[in-house]
Amino acid sequence: MNKEVRRKDQFKERVQGWADRLEARVTSITVRPMKTKWASYSTTGWLTFDVFLLELQEELQDYVIVHELLHSRVPNHGKLWKTLMQAHLGDYEKLEEKMKRLQLNLQ
Ligand SMILES: [Zn+2]
């Protein structure tokens with residue numbers, strides 16, 4: 001197995017771990033190059049992540065993963081979403097800042 005495949009698998013395991021913890025509905029996890037955003041979650045449980053995320057620190061990967069998975073329960077970035085982000089990631093706004101500096105565009 002080459003390095004790229006192994007990293008993808010590890011990332012997917014990470015997503016699955018968070019999905020279990022958050023009790024989020026996940027039917028499929030795909031990691032591929034994306035053009036306009038770095039991740040997306042559909043209400044049917046389809047998750048897609050940009051391959052570039054594999055290059056990021058784990059804390060930033062977690063930010064993106066939890067961000068998307070919480071959309072299985074909360075469709076917006078309102079008060080409830082913020083509370084859950086805080087509960088699972090702590091000071092998530094700091095991570096959000098880092099992501100913004102990387103020009104991350106999340107749905
Ligand atoms: Zn979002």
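Me: Asp-62 is found in helix α2. What counts as a helix or a strand here?

Reply: Both are DSSP runs, numbered from the N terminus: a helix is H or I over at least four residues, and a strand is E over at least two. Before we go on, note that this is a predicted model, where local features need pLDDT of at least 70 and side-chain atom pairs count only at pLDDT 80 or more, while totals for chains, interfaces and linings use all residues. Residues are numbered from 1 along each chain as its sequence is written, and side-chain values use heavy atoms, with hydrogens and water left out.

Me: Thanks! Is Asp-62 buried or exposed?

Reply: The general idea is a set of cut-offs on relative accessible area: buried means under 20%, exposed over 50%, and partly exposed in between (1.4 Å probe, protein chains only). Asp-62 has a relative accessible area of 12%, so it is buried.

Me: Which side chain makes a polar contact with the side chain of Asp-62?

Reply: A polar contact is a pair of N or O atoms within 3.5 Å; within protein, one must be able to donate a hydrogen and the other to accept it, and residues adjacent in sequence count only if both atoms are side-chain atoms. For Asp-62 the partner is the side chain of Trp-18, at 2.9 Å. Contact in the wider sense means heavy atoms within 4.5 Å. Leaving aside neighbours within four places in sequence, Asp-62 is in contact with Arg-14, Trp-18, His-67 and Leu-89.

Me: And Gln-61, what does its side chain reach?

Reply: Gln-61 also has its place in helix α2, and its side chain reaches the backbone oxygen of Leu-56 at 3.3 Å. With a relative accessible area of 8%, Gln-61 is buried. Beyond its neighbours within four places in sequence, Gln-61 is in contact with Phe-11, Arg-14, Leu-53, Leu-54 and Leu-56.

Me: How do I read the packing of two helices, and at what angle do α2 and α4 pack?

Reply: Two packed helices are described by the angle between their axes and the distance between the axes. Axes are lines fitted to C-alpha atoms, for helices over the stretch in contact, and angles run from 0 to 180 degrees between N-to-C directions. Here α2 and helix α4 (residues 92-101) pack at about 100 degrees, with their axes 10 Å apart. That makes α2 roughly perpendicular to α4; the classes are roughly parallel under 35 degrees, roughly antiparallel over 145, roughly perpendicular from 65 to 115, and oblique for the rest. On the α2 side the contact is made by Glu-59, Leu-60, Tyr-63 and Val-64, and on the α4 side by Tyr-92, Leu-95, Glu-96, Lys-98 and Met-99.

Me: Now the sheet. In what order do the strands come?

Reply: Two strands pair if DSSP finds at least two bridges between them. Three strands form an open sheet in the order β1-β3-β2, with mixed pairing. The edge strands, each pairing on one side only, are β1 (28-32) and β2 (39-41). β1 and β3 (residues 46-50) pair in the parallel sense over five bridges, whereas β2 and β3 run antiparallel and are joined by three bridges.

Me: Which residues are bridge partners, and how many of the residues of β3 are buried?

Reply: The bridge partner of Ile-29 is Leu-47 in β3, and that of Val-31 is Phe-49. Tyr-41 stands opposite Leu-47 as well. β3 is mostly covered, as four of its five residues are buried.

Me: Which helices lie across the sheet strands?

Reply: Helix α1 (residues 3-22) lies across β1 and β3, running at about 140 degrees to β1. Helix α2 (residues 58-70) lies across β2 and β3, at about 155 degrees to β3.

Me: Where should I look for positive phi values?

Reply: Look at the hairpin of β2 and β3, with four residues between the strands, where Gly-45 takes a positive phi near 95 degrees. Glu-23 has a positive phi of about 50 degrees although it is not a glycine. Glu-23 lies in the loop between α1 and β1, and at 70% relative accessibility it counts as exposed.

Me: What does Val-26 touch?

Reply: Val-26 lies in the loop between α1 and β1 and counts as partly exposed, at 21% relative accessibility. Not counting residues up to four places away in sequence, Val-26 touches Gln-16, Ala-19, Gly-45, Leu-47 and Leu-69.
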